[in-house]
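Please open the structure in a viewer and keep the sequence at hand.

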Amino acid sequence: MTIAEITAKMIAFSEGDQHDISHFLKVWAYARTIGQLEALDDHCEFILETAAILHDIACPLCRKKYGKALGKDQEREGMILGQAFLKDCGLSPADLERIIFLIGHHHTLTDIKSIDHQILVEADFLVNAYESNLSTQAIVNARDHFFKTKSGTTLLNSAFNLPPRS
């Protein structure tokens, strides 16, 4: 499947929830932008973009099952839902495993060892910071503690009119 086909399938899966659809499309756009600015190869970019589209696949289930969509619940439930969602998409076992790993770690800010994971975390934060109306200090703190890519940092600074790192 192509990114466009996966996106269309995810929109249908979202059953008209405009917030969820808007969120994953914004995260996908930031992830794609950062990935391209960081010069990811086409294969890594595909993995990243697929994970970005599916990263919050478990939010509706978590809201129903737990009353809210906490990060750790999203990660755990998302791995199961992502596996089922992608089973007929023609992905190699290695690609499927990687995408499921990223879905299952998109709120994990420690021990990030790969560029696709780093970019997904940064892209999701960029959107969550706006949607959650985070304070400037909270955004600067996040930038200074876990933003690692030059492109993600530049986008965060631009999007929130932040001064450069000191």
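The stops that follow lead through a predicted model.

**First stop: the nonpolar core.** Begin by selecting L54, L86 and F125, the residues with the most contacts inside the largest nonpolar core, which has 42 residues. Then colour the elements that give two or more residues to this core: α1 (3-13), α2 (18-37), α3, α5 (71-86), α6 (93-103), α7 and α8 (136-146). In soluble globular proteins, nonpolar side chains tend to be buried together.

Stay with F125 and display its surroundings. Apart from neighbours within four places in sequence, F125 is in contact with L134, A138, I139, A142, F146, F147 and L156.

**Second stop: T50.** Select helix α3, residues 42-54, and find T50 within it. Is T50 buried or exposed? T50 is buried, because its relative accessible area is 0%, and the cut-off for a buried residue is under 20%. With residues up to four places away in sequence set aside, T50 touches I3, I6, L86 and I99. One of these contacts, L86, has already been met among the residues with the most contacts inside the largest nonpolar core.

E122 is buried and yet has no salt bridge. Which side chain of opposite charge is nearest to E122? It is R165, at 6.6 Å, whereas a salt bridge requires the charged atoms to be within 4 Å. Show also the residues that E122 touches, not counting those up to four places away in sequence: I34, F146, F147, K148, T149, G152 and T153.

The largest pocket has a volume of about 200 Å³. Select H19, D56, C59, Q74 and N128, which are the closest to its centre of the 15 lining residues. The elements that give two or more residues to this lining are α2, α4 (59-66), α5 and α7.

**Last stop: two loop residues.** Most residues other than glycine have a negative phi. Select D111 in the loop between α6 and α7: although not a glycine, D111 has a positive phi of about 60 degrees. D111 is exposed, with a relative accessible area of 59%.

Finish at N133, in the loop between α7 and α8. N133 is not a glycine either, and its phi is positive, about 55 degrees. N133 is exposed, with a relative accessible area of 67%.

Definitions and conventions: Residues are numbered from 1 along each chain as its sequence is written. This is a predicted model: local features need pLDDT of at least 70, side-chain atom pairs count only at pLDDT 80 or more; totals for chains, interfaces and linings use all residues. Side-chain values use heavy atoms; hydrogens and water are left out. Buried means under 20% relative accessible area, exposed over 50%, partly exposed in between (1.4 Å probe, protein chains only). Lys and Arg count as positive and Asp and Glu as negative; His and the chain ends are not counted. Contact means heavy atoms within 4.5 Å. Helices (H or I, at least four residues) and strands (E, at least two) are DSSP runs, numbered from the N terminus. A nonpolar core is a set of buried Ala, Val, Leu, Ile, Met, Phe, Trp, Tyr and Cys residues joined through side-chain atoms within 4.5 Å. On a 1 Å grid over the protein atoms alone, a cavity is a set of points where a 1.4 Å probe fits but cannot get out, and a pocket is an open set with protein on both sides within 12 Å along at least five of seven lines; lining residues have an atom within 4 Å of a point. Grid points are joined across faces, edges and corners, and a volume is the space filled by probe spheres set on the points.
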